[in-house]
Amino acid sequence: MTEQNPYHSGAGDWGPGHPPGPSDTPPPGYGYPAAGAPAKGYGFPQPPTAGALPMGGAPLLSIGDIMVMGDQIITLAGQLPLRGAIWNATDMSHTEEKIPTHAIVLAIVFFLFCLLGLLFLLMKERKTTGYIQVTVTSAGRHHQTMVPAHGPETFPAIMGQVNYARSLSSM
């Protein structure tokens, strides 16, 4: 390969060419900083910029997609003022209790051998389904979220969080 590079101008330029210098900057676009902007390390974590978080710090309370930070309530619909907010919670879950199928089979099998097989009918299976609806209203705006109920203890736990949010709203 003794020919000069036909795509590179100038005498005596051999090979694939030279890497771009400071005057050969690519145009701004995807992956490139804007013209005049300081180039940051690409792919490395950067320190947070001022004003990145509306309130800063850790959230005081989080119920579903409602978060209380400082003196603001942050929702998917935007920010609401915490002072004077009205909080409500509605239990829309229900718990079913039934005798499982394997208990009925064991009761029939052991009833034939001894009368103690009827004790298997005392086995109960509890299943909770549904949601707890939490709503917040502040400054004429309204937001609601649905928290899934995993057991009968879910509603008292959510009510504890709502009562804490009410106490923060009254300060």
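Reply: Two strands pair if DSSP finds at least two bridges between them. Keep that in mind for the sheet. Note too that this is a predicted model.

Me: In what order do the elements of the protein chain run from the N terminus on?

Reply: The protein chain has 2 helices and 7 strands. Read from the N terminus on, the order is β-β-β-β-β-α-β-β-α.

Me: Which residue in β7 is the bridge partner of V136?

Reply: Strands β6 and β7 pair in the antiparallel sense, over 8 bridges. V136 has its bridge partner in β7, and that residue is H143.

Me: Which strands stand at the edges of the open sheet of 3 strands?

Reply: The order in this open sheet is β5-β6-β7, with antiparallel pairing. Each edge strand has a single partner strand, so one side of it is left without a neighbour in the sheet. Those edge strands are β5 (86-98) and β7 (141-148).

Me: What angle does the direction of helix α2 make with that of β5?

Reply: Helix α2 covers residues 154-169 and packs on the sheet. The helix touches β5, β6 and β7. Its direction makes with that of β5 an angle of about 175°.

Me: Is S138 buried or exposed?

Reply: S138 lies in strand β6, residues 125-138. Buried means under 20% relative accessible area. S138 has 2% relative accessibility, so it counts as buried.

Me: Which residues does S138 touch, not counting those up to four places away in sequence?

Reply: S138 belongs to strand β6. Leaving out residues up to four places away in sequence, S138 touches L80, P81, R83 and A85.

Me: How many residues lie between β3 and β4 in their hairpin?

Reply: Strand β3 (residues 72-75) and strand β4 (residues 78-81) run antiparallel and are joined by 4 bridges. In β4, Q79 is the bridge partner of I74. The two strands form a hairpin, and the number of residues between them is 2.

Me: What is the area of the nonpolar surface patch that includes I104 and V109?

Reply: I104 is in helix α1. V109 lies in α1 as well, which spans residues 101-113. Other members of the patch include I99, F110, L118 and L121. The patch area is about 1,200 Å².

Me: What distance separates the C-alpha atoms of I104 and F120?

Reply: I104 touches I99 and L121, not counting residues up to four places away in sequence. I104 and F120 are 16 residues apart along the chain. Their C-alpha atoms are separated by 7.0 Å.

Me: What share of the accessible surface of the protein chain belongs to carbon and sulfur atoms?

Reply: Of the 171 residues in the protein chain, 22% are buried. The accessible surface comes to about 12,500 Å². The share belonging to carbon and sulfur atoms is 64%.

Methods:
Residues are numbered from 1 along each chain as its sequence is written. This is a predicted model: local features need pLDDT of at least 70, side-chain atom pairs count only at pLDDT 80 or more; totals for chains, interfaces and linings use all residues. Side-chain values use heavy atoms; hydrogens and water are left out. Patches are made of residues with over 30% relative accessible area and no salt bridge: like charges are joined within 9 Å, nonpolar side chains (Val, Leu, Ile, Met, Phe, Trp, Tyr) within 5 Å. Accessible areas come from the Shrake-Rupley method with a 1.4 Å probe; for residues, only the protein chains shown count as cover. A salt bridge is a side-chain nitrogen of Lys or Arg within 4 Å of a carboxyl oxygen of Asp or Glu. Buried means under 20% relative accessible area, exposed over 50%, partly exposed in between (1.4 Å probe, protein chains only). Contact means heavy atoms within 4.5 Å. Axes are lines fitted to C-alpha atoms, for helices over the stretch in contact, and angles run from 0 to 180 degrees between N-to-C directions.
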